[in-house]
Amino acid sequence: MAARATWKGFLKISLVNIPIKVFPATESSGTISFNQLHGECQTRIQQKRWCPQCNREVPNSEIVKGYEFEKGRYVIMSEEDFDQVRPESTRVIDLVQFADAAAIDPMYVDRTYYLAPDGGMAADAFAVMRDGMQGKVGVGKLALYGREYLVAVRPHGKGIVMHTLHHAAEIRSIEAVEELNAVPAKVKPEEMKLARQVIETFEQPLDLANYRDEYRDGLQKIIDAKIAGEEIVSSAAPNAPPKVVNLMEALKKSLDVVSAGKKRPAKATAERPAAGERPAAGQKRRRA
């Protein structure tokens with residue numbers, strides 16, 4: 001199924017305006033969702049908008065937005081009020097600054113979207129700006145879903161991606177985590193050397209497609225079994241929490257385990273001698 005745009009507008013870079021569409025880069029279909037049911041009759045629960053003052057259900061046509069400025073006191077906001085403060089970013093992503101792509105700390109990233117040209121006339125300008133931004137990230141603002149976001153725009157493959165960002169004021173200072181005050185500023189060189197060796201044994205090219213949501217897969221198996229009327233076999237109880245052990249001892253054992261694991265496949269995949277060929281010294285001939 002083709003992706004559906006959730007926003008249309010313009011990508012503005014100085015005096016260049018490119019008509020674009022915005023598409024979500026992630027989807028929620030990978031998540032298993034559940035409905036709330038009445039356990040007695042398995043009927044789906046209804047959530048109604050109820051006014052306790054009037055003692056009746058309230059239709060959408062009677063619902064307004066109110067800001068509580070004192071306990072129990074509200075100022076009502078109409079659509080005309082919201083229209084008066086709609087910034088340019090409701091229709092334009094104005095990139096006001098560029099920096100190296102590595103300048104954006106992943107901690108600030110909220111959601112990711114794809115940008116695409118809106119119409120054939122915009123495609124050429126879109127391609128030029130995409131290639132011109134290689135290695136760079138553009139920063140601007142966009143009004144989306146009732147609020148104005150800080151956004152970062154960068155080239156990605158044949159398109160452009162946009163990240164909505166948290167504002168600096170939304171990021172809690174690491175100093176607020178008091179437990180980190182007990183972490184030593186310096187570590188023992190011999191421990192750090194072993195730690196790096198352990199880390200290096202796990203290094204390999206990263207492909208996140210190799211990782212699956214095992215919790216979701218487990219839930220789906222149980223759901224499928226229940227639909228088929230099969231008996232659910234309880235899995236083993238979770239293992240006890242790992243014990244805190246001596247750091248040097250744990251690092252040395254980690255290296256031993258990894259080294260043993262790397263050697264084992266080599267022995268298991270030893271090639272058989274070709275037909276008519278004698279086995280090497282010390283190697284037993286296998287039975288057919």
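Where does Gln42 lie? The residue is found in the loop between strand E3 (37-38) and strand E4 (43-44). Helices (H or I, at least four residues) and strands (E, at least two) are DSSP runs, numbered from the N terminus. The structure is a predicted model, in which local features need pLDDT of at least 70 and side-chain atom pairs count only at pLDDT 80 or more, while totals for chains, interfaces and linings use all residues. Residues are numbered from 1 along each chain as its sequence is written, and side-chain values use heavy atoms, with hydrogens and water left out.

Gln42 has a positive phi of about 60 degrees, although it is not a glycine. With a relative accessible area of 63%, Gln42 is exposed; buried means under 20% relative accessible area, exposed over 50%, and partly exposed in between (1.4 Å probe, protein chains only). A positive phi, near 55 degrees, also occurs at Asn55, a residue other than glycine. Asn55 lies in the loop between strand E5 (50-51) and strand E6 (56-57), and counts as exposed at 56% relative accessibility.

The protein contains 5 helices and 13 strands. Of its 288 residues, 17% are buried. Contact means heavy atoms within 4.5 Å. Among contacts between residues at least 6 apart in sequence, 58% join residues at least 24 apart.

A barrel is closed by 7 strands in the order E1-E2-E10-E13-E12-E11-E9, with mixed pairing. From one strand to the next, the twist averages 40 degrees. Two strands pair if DSSP finds at least two bridges between them. Within the barrel order, strand E10 (residues 109-117) and strand E13 (residues 159-165) pair in the antiparallel sense over 6 bridges. Arg111 stands opposite Thr164 in E13. Helix H2 (residues 120-132) lies across strand E1 (7-13), strand E2 (16-24), E10, strand E12 (147-156) and E13, and runs at about 85 degrees to E2. Axes are lines fitted to C-alpha atoms, for helices over the stretch in contact, and angles run from 0 to 180 degrees between N-to-C directions.

Strand E7 (residues 65-70) and strand E8 (residues 73-77) run antiparallel and are joined by 5 bridges. Tyr67 stands opposite Val75 in E8. The hairpin of E7 and E8 has 2 residues between the strands, and Gly72 in this hairpin takes a positive phi near 80 degrees.

Helix H3 (residues 189-201) has 13 residues, which should span 18 Å at 1.5 Å a residue; its end C-alpha atoms are 19 Å apart, which agrees. The expected span of a helix is 1.5 Å times one less than its number of residues. Glu191, Leu194 and Val198 are buried in H3. These residues are on the same side of H3 because they cover an arc of only 65 degrees around the axis, the arc being that of the directions from the helix axis to the C-beta atoms. On the other side of H3, Pro189, Lys193, Arg196, Ile199 and Glu200 are exposed. Helix H4 (residues 214-227) has 14 residues and reaches 20 Å from its first C-alpha to its last, close to the 20 Å expected.

A search of the whole structure finds 0 disulfides, a disulfide being a pair of cysteine sulfur atoms within 2.5 Å. Cys54 is in no disulfide, and the nearest cysteine sulfur, that of Cys51, is 3.8 Å away. Cys54 is partly exposed, with a relative accessible area of 46%. Cys41 is partly exposed, with a relative accessible area of 44%.
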